[in-house]
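Here are my notes for you, in numbered points. Keep the structure open while you read, and look up each part as we get to it.

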Amino acid sequence: MAEKLRVGIVGASGYGGVQLVRLLLDHPRVEIAYLGANQNAGTPFGELYPQLAHRIDRVCEAVELDRIVEACSVVFLATPNGIAHTLAPGLLAGGLRVFDLSADYRFVNLETYQSWYGGDRHDAAVARAAVYGLPELYRERIRTARLVGCPGCYPTASLLAAAPLLKQGLIDPRSLIIDAKSGVSGAGRALKTGSLFAEADSSVAAYNVARHRHIPEIEQICSDLAGMRVQVQFTPHLIPMSRGMLVTLYAQLRDPGLVSEDMLTIYEAFYRQAPAVRVLGSGIYPQTKWASGTNTCFIGLEVDPRTERVVVLSALDNLVKGQSGQAIQAMNLTQGWEEMLGLPAIGFYP
Ligand SMILES: NC(=O)c1ccc[n+]([C@@H]2O[C@H](COP(=O)([O-])OP(=O)(O)OC[C@H]3O[C@@H](n4cnc5c(N)ncnc54)[C@H](OP(=O)(O)O)[C@@H]3O)[C@@H](O)[C@H]2O)c1
């Protein structure tokens with residue numbers, strides 16, 4: 001039996017961290033060698049998450065570079081934006097492979113990052129070497145990457161819905177409108193007024209309209225796919241459910257003669273080699289419940305001949321394909337393992 005890969009998780013006490021622990025405990029080729037936290041440093045992980053105490057007997061440790069380098073070959077950074085770039089250069093210099101779940105390493109241009117996220121960055125060379133961790137679009141680059149900037153839930157659901165349209169020049173890119181809905185766990189485990197039950201329950205609202213931080217990231221990848229500068233209209237909404245995300249994308253067709261069946265054939269061909277994406281049959285539209293707990297993104301679509309628009313719907317679990325599962329998928333690629341190894345593909349239902 002081959003030696004297991006020693007992996008660490010910084011930010012283990014958060015929602016992304018606990019998903020990583022859950023998924024990595026069931027991964028056949030890895031062992032969890034380090035858990036790191038901030039305010040929860042010193043607390044046994046099983047005290048934070050008693051439902052996992054029988055499977056993992058580790059204490060969340062303070063985040064110390066030397067300790068991580070000594071313990072691990074691979075590390076996941078499940079920390080708020082602005083932390084990874086203070087850790088990744090040292091971790092890479094220590095020979096580790098790094099998977100960042102925050103926005104720190106998703107941008108080709110650090111000026112774009114700074115104008116939307118603020119803060120000082122002194123790691124331009126490191127950021128340039130990072131690979132955008134969406135396997136469906138950048139699989140070959142991820143295989144050899146040492147630093148992967150894993151996209152989050154909104155960009156993943158939006159880009160998987162948009163990619164075939166942009167890559168094959170099927171739409172007017174200026175007409176791209178993305179309407180997105182997220183469950184409350186999208187905001188993380190830290191206390192926030194908007195995440196309180198009394199605020200979020202029985203209510204739906206948009207937020208950060210025309211200025212959400214994921215806009216420049218979605219535009220960066222859309223532009224790469226289209227081979228020209230693309231701007232998108234992106235509106236996120238908070239929905240009263242714990243987890244899950246639904247994106248509805250609208251765009252004007254270049255060829256109004258295309259019908260839904262043509263478009264489905266194009267999507268099926270585009271994602272034929274993508275085990276984490278399921279293109280649904282004609283007239284079937286995805287539900288977040290189908291994706292819950294899985295690393296699968298479900299896609300459905302319809303061409304509206306009346307308006308000459310295409311409507312694409314994508315549903316995923318914000319904490320799995322939209323976060324931790326995606327990072328594990330990328331790790332599997334860097335190790336030469338089957339892409340979905342250890343990742344759940346079938347959810348609970350109902
Ligand atoms: N939630 C989602 O649906 C989602 C989806 C995609 C991507 N993301 C991204 O994934 C990352 C983690 O999100 P999350 O939802 O898991 O957040 P979270 O639940 O708030 O957890 C954040 C984690 O980071 C740790 N942390 C905070 N400040 C730190 C510091 N200065 N140094 C080291 N560790 C620190 C926290 O430790 P303590 O608890 O000990 O303070 C906690 O373990 C974020 O960048 C987020 O944008 C989130």
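1. Helices (H or I, at least four residues) and strands (E, at least two) are DSSP runs, numbered from the N terminus. Two strands pair if DSSP finds at least two bridges between them. With that in hand, look at β12 and β13, which make a hairpin with four residues between them. In the turn you'll find E308, whose phi is positive, about 60 degrees.

2. Before going further, a word on what you're looking at. This is a predicted model, where local features need pLDDT of at least 70 and side-chain atom pairs count only at pLDDT 80 or more, while totals for chains, interfaces and linings use all residues. Residues are numbered from 1 along each chain as its sequence is written.

3. Let's stay with β13 for a bit. Is this strand mostly buried or exposed? A residue is buried if 20 or more other C-beta atoms lie within 10 Å of its own, exposed if 12 or fewer, and partly exposed in between, with the C-beta atoms placed from the backbone. Strand β13 (residues 309-316) has six buried residues out of eight, so the rest of the structure largely encloses it. On the β12 (residues 297-304) side the pairing is antiparallel, over seven bridges, and G300 sits opposite L313 of β13. β10 (residues 245-252) also pairs with β13 in the antiparallel sense, this time over eight bridges; there, L246 faces A315 of β13.

4. Now find the parallel sheet. It is an open one built from six strands, in the order β2-β1-β3-β4-β6-β5. The edges are β2 (30-36) and β5 (131-132); each has a single partner strand, so one side of each has no neighbour in the sheet. β1 (residues 5-10) and β2 are joined by six bridges in the parallel sense, and R6 is opposite E31 in β2.

5. Step back to the whole chain. The domain bounds come from an automatic or database domain assignment, which gives domain 1 (5-151 + 321-334) and domain 2 (153-317). Their centres, taken over C-alpha atoms, are 25 Å apart. For the classes, Ala, Val, Leu, Ile, Met, Phe, Trp, Tyr, Cys and Pro count as nonpolar, Asp, Glu, Lys and Arg as charged, and the others, Gly among them, as polar.

6. Next, the inside. A nonpolar core is a set of buried Ala, Val, Leu, Ile, Met, Phe, Trp, Tyr and Cys residues joined through C-beta atoms within 7 Å. The largest one here has 96 residues, and V75, F76, A157 and I299 touch the most other members. Helix α8 (residues 153-167) gives the most to this core, ten residues. Domain 1 and domain 2 both give residues to the core, so it lies between them. Leaving aside residues up to four places away in sequence, A157 touches A180, M245, V247, C297, S314, L316 and G322.

7. Then there's the ligand. Which residues come nearest to the ligand? Of the 31 around it, they are G14, G16, S102, G152 and G188; a residue is near a molecule if its C-beta atom, placed from the backbone, lies within 6 Å of it. The shell divides into twelve nonpolar, 18 polar and one charged residue. Domain 1 and domain 2 each supply at least three residues. Helices α1 (15-25) and α13 (320-334) each supply at least two, and α1 gives the most, three.

8. Most residues other than glycine have a negative phi, and most peptide bonds are trans. N208 has a positive phi near 50 degrees, and A210 has one near 65 degrees. N208 lies in the loop between β8 (205-206) and α10 (214-226), and A210 is in the loop between β8 and α10 too. N208 is exposed, with 12 other C-beta atoms within 10 Å, and A210 counts as exposed with 9. Finally, a cis peptide bond, with omega about 0 degrees, joins Y349 and P350; P350 is in the segment after α13.

Notes: Two residues are in contact if their C-beta atoms, placed from the backbone, lie within 7 Å.
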